[in-house]
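This report is meant to be read slowly, with the sequence and the structure side by side. Please look at the model first and then follow the text.

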Amino acid sequence: MRSREYDLDFRDRAGRLRAWGIGLLVVATLQWAWCVLLLVTPYTVDEKPDDPYPAECEARLFTDRGTANDGVYQGDLVPGRTRLA
């Protein structure tokens, strides 16, 4: 091969590598955006098809403490778990 052919091959491989890098960066950005969306939006739990009033929770980022343990603090028990002392 001549030096021109080496140069063209190198540039071709570099272009493909750059495209892969940009693609992976886009995927990582979308995943971070999804995590931020989950942190800043309120959500509901214990939603059943016939339940007119599902339990609504605040956004996780804007609470003073997590709402995941509110049932334990209020005395509600999760099935299969023992009462905390």
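What follows describes the fold, the surface and a few residues.

The model is predicted, so local features need pLDDT of at least 70 and side-chain atom pairs count only at pLDDT 80 or more, while totals for chains, interfaces and linings use all residues. Residues are numbered from 1 along each chain as its sequence is written, and side-chain values use heavy atoms, with hydrogens and water left out.

The protein chain has two helices and two strands, these being DSSP runs (helices H or I, at least four residues; strands E, at least two) numbered from the N terminus. Along the sequence, these elements follow the pattern α-β-β-α.

Of the 85 residues in the protein chain, 4% are buried, where buried means under 20% relative accessible area, exposed over 50%, and partly exposed in between (1.4 Å probe, protein chains only). The accessible surface of the protein chain comes to about 8100 Å², and 60% of this belongs to carbon and sulfur atoms; such areas come from the Shrake-Rupley method with a 1.4 Å probe.

Helix α1 covers residues 3-40 and contains L39, and L37 is also placed in helix α1.

| Residue | Relative accessible area |
|---|---|
| L39 | 37%, partly exposed |
| L37 | 39%, partly exposed |

L37 and A59 lie 22 residues apart in sequence, and their C-alpha atoms are 9.5 Å apart in space.

L39 also belongs to a nonpolar surface patch with V36, V40, L61 and F62, and together these residues have about 440 Å² of accessible area.

How values were computed
Patches are made of residues with over 30% relative accessible area and no salt bridge: like charges are joined within 9 Å, nonpolar side chains (Val, Leu, Ile, Met, Phe, Trp, Tyr) within 5 Å. A salt bridge is a side-chain nitrogen of Lys or Arg within 4 Å of a carboxyl oxygen of Asp or Glu.
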